[in-house]
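Let's take a walk through this model together, going from domains to helices to chains. Have the structure open as you read.

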Amino acid sequence: MFAYYLDLAVRSLKRNKVLTALMVLAIAVGIGASMTTLTVMHLLSGDPLPGRSGTLFYPQVDADPTNDYSHAEPLDVMDYRSAVDLWSAHRADRQTLVVDSKLKVHAPEVNLPPLMEMMLSTTSDFFPMFDVPFQYGSGWSADDDAKHARVAVISADLNNKLFGGTNSVGHTLRLRDTDVRIVGVLKPWRPSPQFYMVAGGRFANGQTDDFYTKPEDVFTPFTSGLEINDGNFWQFTCWHMPDTPGHLQNAPCVWIRLWVELGGAAKVADYRSFLAGYAAQQKALGRITHADNTRLRSLMQWLDFNHVVPSDVHLQTWLAFAFLAICLFNTVGLLLAKFLRRSGEIGVRRALGASRRAVFAQCLVEAGLIGLLGGIGGWLLTLTGLWLVRRQPSAYADLAHLDAPMFFATFVLAIMVSLLAGALPALRASRIAPALQLKTL
Amino acid sequence: MQIRPILAALRRHRLATMLVALEIALACAVLCNACFLIANRVALLHVVSGVDETALATVQLTGYEDSHAVDLNARVLAGLRSIPGMQSVSVLNSIPFGARRGTAGITLDMAGQHFGGVVEFYVGGPGSMQALGLHVTSGRAPQVDDFRTFEGLMPTDASVQITRSLAEHLWPGTDPLGKDFWLDKWHYRVVGVIDHLVRPDPSNWQGDSKDWSIFVPALPGKYLAGSYLLRADPKDISRVLRDARTTIAKIAPDAVFDEEGSKTLSDLRTDSFRQDRAMVGMLVGVIIALLLVTALGIVGLVSFWVAQRRKQIGIRRAIGATRADILNYFQTENFLIVTFGIVLGMLLAFALNLLLMKHYELPRLPLYYLPIGALILWGLGQLAVLGPALRAAAVPPVVATRSV
C-alpha cells in the first residue's frame, strides 16, 4: 500500500511542479538554516570529555578578604597559596594545576625566527586526567614536577612548524632563555571548549568565543614554567595591586586553576568537606575571611555556570527556528491548497471504498515525500551554511563540520516538519464528503 | 469596494486565512526584531573612537626582557622616527581597537568603599596624546612635568585627562576638574576633560562604558615599552607600517614583531567588528529569505483560490464587474488578511523583544519599527498578490456559461 501511495505522491508532485518546488524550497531553506545553527550549537555545547567529565571537578575557595562586593560567588580562579596547598594535599584521585602565559619559543637546532606561543604550566596528572593523546613520547612524571625539571611537551602544530612533524622527543627547545628537553609530542588535540581554562564567563557579556581557542602549544611542569617565564604571568583579577607585575606568587591576586578527579559520590563528598575544612583552617590562620564560600562544581556544571556557548550562537539558533516556523506555516498553506484542489479525485476514492484513514495516510505519504526532498535540499544548504560559518572570524570556526548524528537529524527534522505540516491538510482532505464532490463531476 | 462580501468569503476559508495571517504575524515579529538587531550592530560599527584612526598605526613588540626595555624603547623610537613620512612615534600601553593593557576598577575614595567603575587607563609617553588627536575640551592637556618615570604597572600618582562621559558618570552635573580618584592605593587627579577616547576591546563595552577612558601621562620605561603609536599622513600610513616592520627586524632582532597586533588603526577597527559584520550579514540574509518565503506562500495560496473561484469570477464579470473590480477584490482581500496578521505580529514582536531584552541585554524595541514593519509587509502582500490577481482579472465572462 505504501508503495502505491508513494507512486501516487510522485505523480501528484509531478503534476504541479511549481507548487512542489515552492514547498520543497521552503522546507529546504528552513531546515538548512536551523540545522546549520543547531550543528554549531551541538558542537559548542557538547561534552568535551565524554565518559570522563563526570569525574572531573573544579574546586573554588574565596581567598579575597575584602568586602567590596557581596561574595555571592567565590572568584573564578585561585590564588597561588590556596591552589598549591590544595594540590599538595593530594586528596583527590588525581589533581592538576594550570596556568597559561605567553613566551618566546625558539628551537636552537632549527633555523627559524623565534615565535611567541602560549605555554601551559601544569602538573603531570594533566595528561592522564584529560585523556590528552600523544603522538610521540609521553608526559613527564610527578618526580619531574617536584624537581622543577626542564622538560616540555609540545603540540602537533608546533611540532609541524619546528620539526616538520618528525619525532622531536629528545630535542631541545629554548623557552625565553631556558633550554628544555622535549619529552612528548601531542596528537592534534582540539577539545571544545578548551574546558580547563574556562573561567570568567559570567563577566563576558555573552562574548565567550575565547573559550573555544586551540590548546596551548607548549606544556611545562608547573614549577618549571613559573621560573622560566617569571614576570610574565597575568592575573585573572586582584583585590590589591601586585607589587611586581607578572610575578604573582605572593600577590593579592587570583591566577591559577585547580582541577581534581574524583571517582564516585563518596569521594566527592569527602573532597567537599576537605575543601570546607581547608577554608576554615585558613580563616583560623587569618588569611581568608569568607571561609564558607567554597564550591566544587563538576566539569559540565562549571561550563554551564560560565555560559560557554556565545550568546550570538543562541540568538542565531532562535532566529533560525523562528524562520523554520514561518516555513512550516507556509508549507501548511500550500499543502492545504494542493490537497483540496484534488477534492474531486479524493471524492472518487472515498466513493470507491477508501476509508478516511487511507486518504489521510495517502496525503501524509505525499507530505513525507516533500519532506524527504526538502531534507536533501536542507542537507546541501546545511553544508553551505557550515562552510559560511567556517569562513567566519570566530575562534570556533574550524570546528563547524556536520557529524553523523547531525546528518541524520537533518532528515529526521525535515520529515517530521513536513509530516507536521501535512497533518492538518491531510485531516481536511480525509473529511471531504464524497457525495458532494461526485455531484459536481 | 465592499468589504463585507470579502469577509463572508474569507469565513469560508477560515483555515487558509488563519495560516497566512499567522505566517505574516511571525514574519512581522521576526522582521521588526531582526531589523532592530541590525540597527544596534550597525550603530556599534560606527562608534566614535575619538582618535584620528586613518592617520595612525601601531607596532607591537614582544619577547624581549624587561631589563632591556629602556634600551629597546630608545632603539625603536629612534629607528622608527627615521622612516620617511613618519610624523610621530610615541609609546602608548593600550591601543584603541587593539591591545588592552590598562583595564582596572577605580574608586572615588581612598578607602575603596565607593566604586567608580571599570575603566581603561591609557598610559602614554610624550607626544602620544597629540598623535591620537584627542581634543581637550576643558582643563589642560598634559605638560612636560606631568610625564614621569614609574615602577610597576602604572604611575602611582598622576595628573590625568578623562573622557566627558566618564566624568559625567563619576561626578554627574559637577565640574570634574580637580577631582580625585583612586586605583587601590594609587591616586589620580583630573586636570583635563577629553571629548572621546574609546576603550580598546569592544567585548568589554557595556552600556555607556565604551567611552570610559583615562589618559595617564608617563615616561617610557621598563613597564611602558613594546607598544608604539605611529602617526603619518593617511596616504602614507600603510607604507610607513611596512617600512617599520623591516626597520624593526634590523634594529630590534631580540624582540618578536607581533603580526596580529601591529596594524593600522583602521584595520584593527575592522578586525574588532568582524563578528558583528558577520552577524549583520546573517540577519540580512534571514530577512530576505523570510520575505521571499512569505511572498511565495501568498502567491501559491492565492493562485489556488483564483483557480478555485474561476467560475464565480466569470459570473461576476458576466453580471457587470469590471476587471478592476476583480483585481481590487483580491487586493483588498490580501490587505485584510495581512492587516490581521500585522496586528497579531505587533504583539508577537513585543513579546519577542521582551525575551531578547531579558537574555541578550537588548534595549526596548522603539515603536517606530512597528509601522515600518507593517508597511513592508503590506507592500510585500500587495506585490505577491498582484500576479494571481491579474490572472483572475483576465478570466473572461464567458466562463460563467460553461460548466467547470
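## Two domains in chain A

In this predicted model, the C-alpha centres of domain 1 and domain 2 of chain A are 48 Å apart. The domain assignment gives 2-48 + 310-439 as domain 1 of chain A and 53-305 as domain 2 of chain A.

Where the two meet, 11 residues of domain 1 of chain A are in contact with 13 residues of domain 2 of chain A. The domain 1 side of that contact in chain A has 7 nonpolar, 3 polar and 1 charged residues.

## A helix pair in chain A

Now look at helix 1 (residues 2-15) and helix 12 (residues 356-390) of chain A, which pack with their axes 9 Å apart and at an angle of about 60°. That angle makes helix 1 of chain A oblique to helix 12 of chain A, and their crossing is right-handed.

From helix 1 of chain A, the residues making the contact include Phe2(A), Tyr5(A), Leu6(A) and Leu13(A). Among their partners on helix 12 of chain A are Ala361(A), Val365(A), Glu366(A) and Leu369(A). Sorted by class, the contact between helix 1 and helix 12 of chain A has 9 nonpolar, 2 polar and 1 charged residues.

## Where chain B meets chain A

Next comes the contact between the chains: 40 residues of chain B are in contact with 37 residues of chain A. On the chain B side, helix 2 (14-45) and helix 8 (274-308) each supply at least two residues. Helix 8 of chain B gives the most, with 15 residues.

What is the make-up by class of the side of chain B that touches chain A? That side has 25 nonpolar, 10 polar and 5 charged residues.

Methods
Residues numbered from 1 in each chain as written. Chains lettered and ligands numbered in written order. Predicted model: local features only at pLDDT ≥ 70, side-chain atom pairs only at ≥ 80, totals over all residues. Contact = placed C-beta atoms within 7 Å. Helix = DSSP H or I, 4+ residues; strand = E, 2+ residues; numbered from the N terminus. Nonpolar A, V, L, I, M, F, W, Y, C, P; charged D, E, K, R; others polar. Axes fitted to C-alpha atoms, helices over the stretch in contact; angles between N-to-C directions. Parallel < 35°, antiparallel > 145°, perpendicular 65-115°, else oblique. Left-handed = near helix turned anticlockwise from the far one by under 90°. Domains from an automatic or database assignment.
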